[in-house]
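Please look at the structure below and follow how its parts touch one another. The paragraphs after it take the contacts in turn.

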Amino acid sequence: MFVCVCFRCESCVEMLFVRGSGNCVQCNTPLRKSNFRVQLFEDPAIDKEVEIRKKVLKIYNKREFDFSTLKEYNDYLEQVEDIVFNLTNNIDVERTKQMMEQYQRDNKDIIQRNKAKLTREQEELEELLLQDHQDSEQRRLETLQEEQRHLQAKRINKQALLDELEISKLPAAVLLAQHKDRASQLETQIEKQKQNVKPANIFSTGIMMGQTVSLASVSRVEEVLYVYQLLCIDTYGPPVLELDQLGRLGYLNHVRTASPQDQAGGYTSGLACHRAIQDAFSGLFPS
Amino acid sequence: MKLNIDGLLVYFPYDYIYPEQYSYMLELKRTLDAKGHGVLEMPSGTGKTISLLSLIVAYQKAYPLEVTKLVYCSRTVPEIEKVVEELRKLMDYYTKQTEAKNDFLALALSSRKNLCIHPEVSALRFGKEVDGKCHSLTASYIRAQHHSNPSQPVCQFYEEFDAVGRQVPIPPGIYNLDDLKDFGRRKGWCPYFLARYAILHANIVVYSYHYLLDPKIADLVSKELAKKSVVVFDEAHNIDNVCIDSMSVNITRRTLDRCQTNVETLQNTISRIKETDAAKLREEYSRLVEGLKEANVARETDMYLSNPVLPDEILQEAVPGSIRTAEHFVGFMKRFLEYLKARLRIHHVVQESAPQFLKDIYEKVCIDRKPLRFCAERLRSLLRTLEIADIADFSAITLISHFATLVSTYSKGFTIIIEPFEDRTPTIANPVLHFSCMDPSIAIKPVFGRFQSVIITSGTLSPLDIYPRILDFRPVTVASFTMTLARTCLCPLIVGRGNDQVAMTSKFETREDFAVIRNYGNLLLEMSAIVPDGIVAFFTSYIYMENIVASWYEQGILENIQRNKLIFIETQDAAETSMALEKYQEACENGRGAILLSVARGKVSEGIDFVHHYGRAVIMFGVPYVYTQSRILKARLEYLRDQFQIRENDFLTFDAMRHAAQCVGRAIRGKTDYGLMIFADKRYARADKRGKLPRWIQEHLTDGSLNLTIDETVQLGKHFLRQMAQPFRQEDQLGLSLLTLEQLQSEDMLQKIAQIAQQA
């Protein structure tokens, strides 16, 4: 399944594959001339590795959302890396190839499905690039339009002033002041007019077209609901009388009566008395 | 004297105080109270440093729980030492006044090169060598080997420090670099590691910007600094450039070649270790499966300053499976390296964004974004596991890994520019990949985010509002202070025309114009006749200076000038320049007087002070714009326009004016000093340029000194110099620009002081 990954110079290729195809001199794999590529990197081993990697990644194209946990995904990534490593360094080539074929058979559906999809990170990148592009385009248009509008508005305004100075009977100072006002109004108008160039390939929800949206339901958070329980305080002392009983039992006779000013704020002498009794009764019994 | 600053008792170690210092401290106090950030501009020579120190120390003493630490960042080693000496003065005053034992610990921190006391290591010349050698003596596995094999050399100072030094806290006091070395020698401890360990509980730390802004260093040194620290950036007018430099990466062909050797070494080491000690690799592997949880926990519990090279997402995830094992990772790096090499083999300039780069890299060598993002962290782990002794050798691959992480993490704020040759030598192929940061806020964001107050201060920060915009933060106080003067000791003049009425300008179109060059020459000639002692002249660039000086020589102007004064020239070579400087000062001492021709943005313009007779006049020939044709600058300007709505012209003018102000400010280093400031370009007279000068210069620019001819300049200059040369005593200043405590407390003085600070 692999094209031979031996290297030779351009003229040799020309010579060896005059007919367009033939066997590799080093490893005897049948080859086509059109399959030869220009070496991109200084280290030929890297070219070879990248070549292999691209092929492997075509098969092993699972995405992060195909796994339930991050750890599994990372293990998978490592496995892919192992395969690439083995193939480039000629370790266990046969076995690895078998493994790959096995995998390919097993996961046909997923591979097919994922072929068209980009990884999430790549999508992000694409989005950023697009945005950059749009932004710069928009800026360019804006500045251009703005300049034009500006020039035009100025010209019209100037002409109007001249006309008025010619015709109108108002004093020149007033006219000039009016002119100034108008000029500033124009400025603000121009500011407002700046329109947005709407990007075309975004759904109304703001999601990019063609982006994968995770349809998995949001995981439910299991929580125990809060149940109200009556507050119960142990004071380690005799029970304290209720607030409304204090007056009846004559406790309030010994307390300073509240002045009208105090009562305006909602204070009654019972409150203070009640608090004092609470204070006095708590902590009397040994716990 | 003891001052009452807004209810805070401040000990000030001098008997007199400038009104603007008082005002400065008031603003500073407000910033600290609000626990916010501040931008403060105060002219050089008015005692910024001591005001800062005395107020913050007083604040620390009064509210030890609110502000636990002061981190003072300066630019150069001499400046750091100056700060510590001021601090020592302050502390001596404290002990004298309160008679209590001082429990303050303050120290300076610098690189190993400045602190090492190991006899062999400290003899090395370059910082990198010292670092590498030190690492090879102190790395943990080297020391472990030393246990089993005592012939393995280790650093006895570090050993001693590690054995004893960590338990015994360094006694309170003020430690300058030399003090640290002395202390280290006496105890036999390594001063560098001692200082690095001690900054964690020191009250005041003085060090260089890079320890906080460069993510690679900050991660090592500053990440555990307490949240409740006050951070001060002094001389911060160039802070945006420092931030940008710390996040940018330049990759040349040589880097890649060195990287190649690194990768090979890695591969060999891995295969060797695999045979001898496979368990180690397995252990690393299982740790990576678990992910970088440790670092994540530490960051969540808010212990560390976050590192922009180590983005948050990484910490929450495990290392991707494709680079988990060592071999795979090396293969990955190889592919990345080859890809970069292929990219550098181009014949035209390419500029692209990070997403474009990532897309291309996926198509060419199948590298995903995610493993790239983990690259720096993964490499670090590998180097640790392999126990590689000389980290300095691996700087190339570390650089590449940083690049990988940055490019995959930030889709905005960076640009990639690949140039096949330098602009100056378009025939020689020298491909460079610039990965340049355009957004200074990325590097400084963690600092603003973490520390409760960050103060940015300098003599030239005008216009003040641009710094918060480009650094992307919200200051609570933004103020500019003027210099109160008993006599107008600075005289800014804008010379726009020669005596022949030809406009003087360094504009590109008229650069080669003979008339302009001649007029510039005449200006210098006339000034050399009337100004006593030293004159410093600044040009916009080295090339421009060379051209002008050459044609001055041809026209015989140079000869005429040399009749009046000696001429010295700054060159790109540091040793030559310092030689020229030394001779220049000698000539000034002699009374013969001299002229120093130097370049804005050069070494002289940034760090050298020309006090008193060393600089009686500064002439700024032309407006020091940056080289606008560079692609990096263009990209940055575009970014500023799109992201921060700062127009290109505004930024360029701002940048040029801050450098011009920096240059002319070299001459005035105090209130008794005086000097002419001559701006020789008619463009300075325009409102947009003039308005961007610091307020303390603008104040003295009257309408009458805007568009002068050389004759008029000479007249004004003569008059000014004669006036200034009269004896000037301290009593003349008292009550006006120098206050005693009683004068300070008077009602109308306080009112006057309130006007000094101008809120922007």
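Between chain A and chain B there are nine residue pairs in polar contact, counting pairs in which both residues have a pLDDT of 80 or more, a confidence limit that matters here because this is a predicted model. On the side of chain A that touches chain B, helix H2 (44–59), helix H3 (70–88) and helix H6 (120–167) of chain A each supply at least two residues. When the residues on this side of chain A are sorted by class, 16 are charged, eleven are nonpolar and two are polar.

In one salt bridge, the side chain of Glu78(A) meets that of Arg324(B), with 2.8 Å from N to O. Taken as a whole, the interface brings 29 residues of chain A into contact with 36 residues of chain B, and the area buried between the two chains is about 3,000 Å², with carbon and sulfur atoms giving 55% of that area.

We can now turn to chain B itself, which is divided into domain 1 (1–104 + 203–236 + 452–487 + 733–759), domain 2 (247–438) and domain 3 (490–727). Taken over C-alpha atoms, the centres of domain 1 and domain 3 of chain B are separated by 30 Å.

How do domain 1 and domain 3 of chain B meet, and how many residues of each are in contact? From domain 1 of chain B, 31 residues are in contact with 28 residues of domain 3 of chain B, and the area buried between these two domains is about 2,500 Å², of which 54% comes from carbon and sulfur atoms. Across this interface there is one salt bridge, in which the side chains of Lys671(B) and Glu20(B) meet at 2.8 Å, N to O.

The count of residue pairs in polar contact between domain 1 and domain 3 of chain B is ten, with both residues at pLDDT 80 or more. On the domain 1 side, helix H1 (19–34), helix H23 (466–471), strand E14 (475–481) and helix H36 (747–756) of chain B each supply at least two residues that touch domain 3. The largest share, four residues, comes from H23(B), and by class this side of domain 1 of chain B has 13 polar, eleven nonpolar and seven charged residues.

Note on methods
Residues are numbered from 1 along each chain as its sequence is written. Chains are lettered from A and ligands numbered from 1 in the order in which they are written. This is a predicted model: local features need pLDDT of at least 70, side-chain atom pairs count only at pLDDT 80 or more; totals for chains, interfaces and linings use all residues. Side-chain values use heavy atoms; hydrogens and water are left out. Domain bounds come from an automatic or database domain assignment. Contact means heavy atoms within 4.5 Å. Buried area is the accessible area (1.4 Å probe) that two parts lose on being put together, summed over both. A salt bridge is a side-chain nitrogen of Lys or Arg within 4 Å of a carboxyl oxygen of Asp or Glu. A polar contact is a pair of N or O atoms within 3.5 Å; within protein, one must be able to donate a hydrogen and the other to accept it, and residues adjacent in sequence count only if both atoms are side-chain atoms. Ala, Val, Leu, Ile, Met, Phe, Trp, Tyr, Cys and Pro count as nonpolar, Asp, Glu, Lys and Arg as charged, and the others, Gly among them, as polar.
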